[in-house]
Amino acid sequence: MNSFDTEGPTRGDGDTPRVFWSPDYVAPSHVFDTTRKSEAVRDLIVGRGIDPVSEPPATVMASTEKLIEELHDPIYIEALRTGDPMDLAASQGFRWDAGIWTMATSSTSGVVAALELAIKHGFATGSLSSGLHHARRDRGRGYCSINGLAVAAEAIRPRIGLDDRIAIFDVDAHCGGGTNELIDDWALDHVLHLDVSTNDFDRYQPCRPGNELHRATSTADYMATVERMLGLIIESGCRAVLYNAGMDALEMVPEQDLRRREELVSSKLRSADIPCTFVLAGGYVGPGLDADALADLHTATAEAFIG
Ligand SMILES: [Zn+2]
(Lines give C-alpha, C1' and ligand atoms only; values in the text may rest on other atoms or scores of the structure.)
Protein backbone atom coordinates (compact mmCIF):
# COMPACT_ATOMS: atom_id res chain seq x y z
CA MET A 1 0.00 0.00 0.00
CA ASN A 2 1.36 3.45 -0.73
CA SER A 3 0.25 6.97 -0.01
CA PHE A 4 -1.52 7.39 -3.35
CA ASP A 5 -3.57 4.19 -3.37
CA THR A 6 -6.47 5.53 -1.35
CA GLU A 7 -7.23 8.25 -3.88
CA GLY A 8 -7.76 5.95 -6.87
CA PRO A 9 -7.47 6.96 -10.49
CA THR A 10 -9.39 10.07 -11.49
CA ARG A 11 -9.35 12.24 -14.55
CA GLY A 12 -8.20 15.82 -14.60
CA ASP A 13 -10.63 18.51 -13.53
CA GLY A 14 -9.57 20.79 -16.38
CA ASP A 15 -8.28 23.47 -14.00
CA THR A 16 -5.21 21.84 -12.49
CA PRO A 17 -2.17 22.59 -14.67
CA ARG A 18 -0.74 19.31 -15.84
CA VAL A 19 2.21 20.63 -17.84
CA PHE A 20 5.30 22.14 -16.22
CA TRP A 21 7.64 24.74 -17.65
CA SER A 22 9.68 27.60 -16.21
CA PRO A 23 11.74 30.40 -17.79
CA ASP A 24 14.66 28.65 -16.08
CA TYR A 25 14.30 25.85 -18.65
CA VAL A 26 15.83 28.24 -21.19
CA ALA A 27 18.42 29.82 -18.86
CA PRO A 28 21.65 28.82 -20.65
CA SER A 29 23.07 31.50 -22.93
CA HIS A 30 24.05 28.84 -25.48
CA VAL A 31 21.37 28.99 -28.19
CA PHE A 32 20.39 25.53 -29.39
CA ASP A 33 17.10 23.66 -29.86
CA THR A 34 17.49 21.86 -26.51
CA THR A 35 17.96 25.17 -24.66
CA ARG A 36 15.29 27.16 -26.51
CA LYS A 37 12.44 25.17 -28.08
CA SER A 38 10.52 24.53 -24.85
CA GLU A 39 9.44 28.17 -24.66
CA ALA A 40 7.86 28.03 -28.12
CA VAL A 41 6.10 24.77 -27.21
CA ARG A 42 4.84 26.36 -23.99
CA ASP A 43 3.43 29.32 -25.97
CA LEU A 44 1.54 26.96 -28.30
CA ILE A 45 0.16 24.86 -25.43
CA VAL A 46 -1.12 27.94 -23.59
CA GLY A 47 -2.25 29.70 -26.78
CA ARG A 48 -4.29 26.71 -27.95
CA GLY A 49 -5.88 26.27 -24.53
CA ILE A 50 -4.40 22.79 -24.06
CA ASP A 51 -3.11 23.54 -20.55
CA PRO A 52 -2.40 26.66 -18.45
CA VAL A 53 1.18 25.37 -17.75
CA SER A 54 2.78 26.02 -14.36
CA GLU A 55 6.27 26.20 -12.87
CA PRO A 56 7.54 23.31 -10.71
CA PRO A 57 6.64 23.99 -7.03
CA ALA A 58 9.43 25.42 -4.82
CA THR A 59 9.28 22.39 -2.52
CA VAL A 60 9.92 20.03 -5.44
CA MET A 61 12.71 22.31 -6.70
CA ALA A 62 14.46 22.17 -3.30
CA SER A 63 14.14 18.39 -2.85
CA THR A 64 15.17 17.68 -6.45
CA GLU A 65 18.28 19.86 -6.26
CA LYS A 66 19.30 18.02 -3.10
CA LEU A 67 18.69 14.65 -4.75
CA ILE A 68 20.72 15.63 -7.85
CA GLU A 69 23.63 16.55 -5.56
CA GLU A 70 23.38 13.27 -3.65
CA LEU A 71 23.18 11.08 -6.75
CA HIS A 72 25.99 12.53 -8.85
CA ASP A 73 29.75 12.71 -8.58
CA PRO A 74 30.47 15.84 -6.45
CA ILE A 75 33.24 16.92 -8.84
CA TYR A 76 30.77 16.92 -11.73
CA ILE A 77 28.15 18.85 -9.73
CA GLU A 78 30.77 21.45 -8.77
CA ALA A 79 31.77 21.76 -12.43
CA LEU A 80 28.15 22.36 -13.50
CA ARG A 81 27.71 24.96 -10.76
CA THR A 82 30.96 26.86 -11.23
CA GLY A 83 32.41 26.04 -14.64
CA ASP A 84 35.50 24.50 -13.06
CA PRO A 85 36.97 22.30 -14.42
CA MET A 86 35.74 23.65 -17.74
CA ASP A 87 36.15 20.45 -19.77
CA LEU A 88 33.84 18.62 -17.35
CA ALA A 89 31.41 21.58 -17.13
CA ALA A 90 31.11 21.51 -20.92
CA SER A 91 31.13 17.72 -21.24
CA GLN A 92 27.57 17.70 -22.63
CA GLY A 93 28.92 19.48 -25.70
CA PHE A 94 28.29 23.18 -25.36
CA ARG A 95 29.97 26.17 -23.73
CA TRP A 96 29.40 26.40 -19.96
CA ASP A 97 27.58 29.26 -18.29
CA ALA A 98 25.73 29.46 -14.96
CA GLY A 99 22.40 28.95 -16.73
CA ILE A 100 23.24 25.30 -17.37
CA TRP A 101 22.91 24.43 -13.67
CA THR A 102 19.75 26.54 -13.41
CA MET A 103 18.23 24.73 -16.39
CA ALA A 104 19.31 21.28 -15.19
CA THR A 105 17.78 21.65 -11.72
CA SER A 106 14.61 23.36 -12.93
CA SER A 107 13.84 21.04 -15.83
CA THR A 108 14.58 17.95 -13.72
CA SER A 109 12.26 19.33 -11.01
CA GLY A 110 9.57 19.68 -13.67
CA VAL A 111 9.84 15.99 -14.54
CA VAL A 112 9.65 15.03 -10.84
CA ALA A 113 6.66 17.32 -10.22
CA ALA A 114 4.85 16.00 -13.30
CA LEU A 115 5.45 12.36 -12.38
CA GLU A 116 4.26 12.93 -8.79
CA LEU A 117 1.11 14.63 -10.11
CA ALA A 118 0.44 11.88 -12.65
CA ILE A 119 0.66 9.17 -9.99
CA LYS A 120 -1.35 11.14 -7.46
CA HIS A 121 -4.29 11.78 -9.81
CA GLY A 122 -3.96 8.87 -12.24
CA PHE A 123 -3.86 11.08 -15.31
CA ALA A 124 -1.32 12.15 -17.91
CA THR A 125 1.05 15.05 -17.24
CA GLY A 126 4.11 16.50 -18.90
CA SER A 127 7.16 18.64 -18.46
CA LEU A 128 8.61 20.61 -21.35
CA SER A 129 12.02 19.36 -20.27
CA SER A 130 14.15 17.25 -22.50
CA GLY A 131 14.67 13.79 -20.98
CA LEU A 132 18.45 14.22 -21.38
CA HIS A 133 18.97 10.47 -21.65
CA HIS A 134 22.69 10.63 -22.50
CA ALA A 135 23.79 12.24 -19.18
CA ARG A 136 25.83 10.13 -16.76
CA ARG A 137 26.54 10.22 -13.02
CA ASP A 138 29.92 11.88 -13.49
CA ARG A 139 29.66 13.75 -16.81
CA GLY A 140 27.41 15.06 -19.53
CA ARG A 141 27.13 13.69 -23.03
CA GLY A 142 25.24 14.43 -26.25
CA TYR A 143 23.92 17.87 -25.11
CA CYS A 144 22.60 16.30 -21.89
CA SER A 145 23.79 17.51 -18.46
CA ILE A 146 21.50 15.81 -15.91
CA ASN A 147 19.32 12.81 -16.77
CA GLY A 148 15.82 13.92 -15.76
CA LEU A 149 14.31 10.50 -16.47
CA ALA A 150 16.60 8.58 -14.14
CA VAL A 151 16.49 11.25 -11.40
CA ALA A 152 12.66 11.33 -11.51
CA ALA A 153 12.51 7.53 -11.34
CA GLU A 154 14.69 7.64 -8.22
CA ALA A 155 12.76 10.59 -6.74
CA ILE A 156 9.46 8.73 -7.02
CA ARG A 157 10.75 5.47 -5.52
CA PRO A 158 9.84 6.29 -1.88
CA ARG A 159 6.38 7.42 -3.04
CA ILE A 160 5.28 4.15 -4.64
CA GLY A 161 4.76 0.65 -3.30
CA LEU A 162 7.75 -1.62 -2.70
CA ASP A 163 6.70 -3.89 -5.58
CA ASP A 164 5.59 -1.09 -7.92
CA ARG A 165 7.50 -0.47 -11.13
CA ILE A 166 7.94 2.59 -13.33
CA ALA A 167 8.48 2.27 -17.07
CA ILE A 168 10.82 4.57 -18.97
CA PHE A 169 9.65 4.42 -22.58
CA ASP A 170 12.20 6.09 -24.84
CA VAL A 171 11.24 6.67 -28.48
CA ASP A 172 13.89 9.31 -29.20
CA ALA A 173 16.01 8.72 -32.33
CA HIS A 174 19.14 8.14 -30.24
CA CYS A 175 19.80 5.37 -27.74
CA GLY A 176 19.42 6.13 -24.01
CA GLY A 177 22.84 4.91 -22.94
CA GLY A 178 22.91 7.37 -20.02
CA THR A 179 19.64 6.06 -18.62
CA ASN A 180 20.89 2.48 -18.92
CA GLU A 181 24.12 3.33 -17.09
CA LEU A 182 22.25 5.12 -14.28
CA ILE A 183 19.82 2.20 -13.86
CA ASP A 184 22.94 0.20 -13.05
CA ASP A 185 24.78 2.88 -11.03
CA TRP A 186 21.76 3.74 -8.86
CA ALA A 187 20.27 0.23 -8.79
CA LEU A 188 16.99 1.43 -10.30
CA ASP A 189 15.58 -2.09 -10.22
CA HIS A 190 12.01 -0.76 -10.13
CA VAL A 191 12.48 0.66 -13.65
CA LEU A 192 11.45 -1.13 -16.85
CA HIS A 193 13.49 0.58 -19.58
CA LEU A 194 12.23 0.09 -23.14
CA ASP A 195 14.00 2.01 -25.89
CA VAL A 196 13.37 2.16 -29.64
CA SER A 197 15.87 4.18 -31.67
CA THR A 198 16.58 5.05 -35.29
CA ASN A 199 20.23 6.00 -34.76
CA ASP A 200 23.21 4.23 -33.18
CA PHE A 201 24.43 7.13 -31.03
CA ASP A 202 24.88 6.03 -27.39
CA ARG A 203 24.06 2.41 -28.17
CA TYR A 204 24.32 0.07 -25.16
CA GLN A 205 23.73 -3.42 -23.88
CA PRO A 206 20.75 -3.35 -21.45
CA CYS A 207 22.04 -3.80 -17.91
CA ARG A 208 18.99 -5.64 -16.58
CA PRO A 209 16.96 -8.58 -17.93
CA GLY A 210 13.64 -7.42 -19.35
CA ASN A 211 14.99 -4.05 -20.44
CA GLU A 212 15.36 -3.66 -24.19
CA LEU A 213 16.95 -1.51 -26.85
CA HIS A 214 15.78 -1.94 -30.43
CA ARG A 215 17.42 -0.10 -33.31
CA ALA A 216 14.68 0.26 -35.93
CA THR A 217 15.58 -0.13 -39.59
CA SER A 218 12.42 1.28 -41.20
CA THR A 219 9.30 3.27 -40.38
CA ALA A 220 7.26 0.06 -40.24
CA ASP A 221 9.79 -1.53 -37.87
CA TYR A 222 9.83 1.59 -35.66
CA MET A 223 6.03 1.85 -35.43
CA ALA A 224 5.59 -1.90 -34.85
CA THR A 225 8.21 -1.74 -32.08
CA VAL A 226 6.46 1.19 -30.42
CA GLU A 227 3.25 -0.85 -30.39
CA ARG A 228 4.98 -4.01 -29.14
CA MET A 229 6.80 -2.17 -26.35
CA LEU A 230 3.53 -0.50 -25.33
CA GLY A 231 2.10 -3.99 -24.96
CA LEU A 232 5.01 -4.97 -22.70
CA ILE A 233 4.50 -1.86 -20.59
CA ILE A 234 0.80 -2.57 -20.15
CA GLU A 235 1.52 -6.23 -19.39
CA SER A 236 4.06 -5.22 -16.73
CA GLY A 237 1.32 -3.58 -14.67
CA CYS A 238 3.65 -0.67 -13.99
CA ARG A 239 2.54 2.20 -11.77
CA ALA A 240 3.39 4.94 -14.29
CA VAL A 241 5.29 5.67 -17.49
CA LEU A 242 7.96 8.28 -18.16
CA TYR A 243 7.72 8.88 -21.89
CA ASN A 244 10.78 10.35 -23.63
CA ALA A 245 8.89 11.71 -26.64
CA GLY A 246 11.70 12.63 -29.01
CA MET A 247 10.72 13.93 -32.43
CA ASP A 248 14.18 13.42 -33.96
CA ALA A 249 13.09 10.00 -35.25
CA LEU A 250 11.91 12.26 -38.08
CA GLU A 251 15.26 11.33 -39.65
CA MET A 252 13.60 8.00 -40.53
CA VAL A 253 9.91 8.23 -39.64
CA PRO A 254 7.54 10.62 -41.49
CA GLU A 255 5.86 13.36 -39.49
CA GLN A 256 2.38 11.86 -39.87
CA ASP A 257 3.61 8.64 -38.26
CA LEU A 258 5.19 10.52 -35.36
CA ARG A 259 1.86 12.26 -34.77
CA ARG A 260 0.13 8.87 -34.98
CA ARG A 261 2.68 7.54 -32.45
CA GLU A 262 1.56 10.12 -29.90
CA GLU A 263 -2.12 9.21 -30.37
CA LEU A 264 -1.29 5.51 -30.07
CA VAL A 265 0.83 5.80 -26.90
CA SER A 266 -1.63 8.17 -25.27
CA SER A 267 -4.78 6.18 -26.05
CA LYS A 268 -3.33 2.77 -25.12
CA LEU A 269 -2.01 4.00 -21.76
CA ARG A 270 -5.26 5.83 -21.04
CA SER A 271 -7.29 2.68 -21.82
CA ALA A 272 -5.03 0.70 -19.50
CA ASP A 273 -5.40 3.38 -16.77
CA ILE A 274 -1.64 3.88 -16.56
CA PRO A 275 -0.61 7.45 -15.72
CA CYS A 276 2.07 8.88 -17.98
CA THR A 277 4.44 11.83 -17.84
CA PHE A 278 5.83 12.98 -21.17
CA VAL A 279 8.96 15.04 -21.78
CA LEU A 280 10.01 16.53 -25.12
CA ALA A 281 13.46 14.99 -25.79
CA GLY A 282 15.18 15.32 -29.18
CA GLY A 283 13.86 17.28 -32.12
CA TYR A 284 15.96 19.66 -34.17
CA VAL A 285 15.56 22.41 -36.71
CA GLY A 286 16.87 21.21 -40.07
CA PRO A 287 16.02 20.92 -43.72
CA GLY A 288 12.23 20.97 -44.03
CA LEU A 289 11.67 21.77 -40.34
CA ASP A 290 11.92 25.36 -39.07
CA ALA A 291 11.59 26.41 -35.42
CA ASP A 292 7.82 26.97 -35.67
CA ALA A 293 7.22 23.58 -37.30
CA LEU A 294 9.40 21.90 -34.66
CA ALA A 295 7.40 23.52 -31.83
CA ASP A 296 4.16 22.49 -33.53
CA LEU A 297 5.36 18.89 -33.83
CA HIS A 298 6.30 18.72 -30.13
CA THR A 299 2.94 20.25 -29.25
CA ALA A 300 1.31 17.17 -30.82
CA THR A 301 2.55 15.25 -27.77
CA ALA A 302 0.76 17.60 -25.36
CA GLU A 303 -2.37 17.56 -27.54
CA ALA A 304 -2.47 13.76 -27.50
CA PHE A 305 -1.89 13.38 -23.77
CA ILE A 306 -3.54 16.47 -22.28
CA GLY A 307 -5.82 17.98 -24.93
ZN1 LIG B 1 17.86 12.23 -29.82
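## Exercises on a predicted model

In this predicted model, the zinc ion is held by D172 through OD, H174 through ND1 and D248 through OD, at 2.0 to 2.1 Å.

**Exercise 1.** Decide whether H174 and D248 are buried or exposed.

*Solution.* The cut-off for buried is under 20% relative accessible area. H174 has a relative accessibility of 16% and therefore counts as buried; D248, at 6%, likewise counts as buried.

**Exercise 2.** Determine how α9 and α10 (residues 291-305) are oriented, and which residues meet between them.

*Solution.* The two helices pack at an angle of about 20 degrees, with their axes 8 Å apart. Because angles under 35 degrees count as roughly parallel, α9 is roughly parallel to α10. The crossing of α9 past α10 is right-handed. Among the residues that meet are E262 and V265 from α9, and A304 and F305 from α10.

**Exercise 3.** Trace the contacts of Y243 and identify its place in the largest nonpolar core.

*Solution.* Y243 is one of the residues that touch the most other members of this 87-residue core, a group including F169 and F305. Helix α5 (residues 99-121) gives the most to the core, with 10 residues. Leaving aside neighbours within four places in sequence, the contacts of Y243 include F169, E262, V265 and F305.

Technical notes
Residues are numbered from 1 along each chain as its sequence is written. This is a predicted model: local features need pLDDT of at least 70, side-chain atom pairs count only at pLDDT 80 or more; totals for chains, interfaces and linings use all residues. Side-chain values use heavy atoms; hydrogens and water are left out. Donors are N, O and S atoms within 2.8 Å of the metal (3.2 Å for Na, K and Ca); water is not among the atoms, so sites may look incomplete. Buried means under 20% relative accessible area, exposed over 50%, partly exposed in between (1.4 Å probe, protein chains only). A nonpolar core is a set of buried Ala, Val, Leu, Ile, Met, Phe, Trp, Tyr and Cys residues joined through side-chain atoms within 4.5 Å. Helices (H or I, at least four residues) and strands (E, at least two) are DSSP runs, numbered from the N terminus. Contact means heavy atoms within 4.5 Å. Axes are lines fitted to C-alpha atoms, for helices over the stretch in contact, and angles run from 0 to 180 degrees between N-to-C directions. Angles under 35 degrees count as roughly parallel, over 145 as roughly antiparallel, 65 to 115 as roughly perpendicular and the rest as oblique. A crossing is left-handed if the near helix is turned anticlockwise from the far one by less than a right angle, and right-handed if clockwise.
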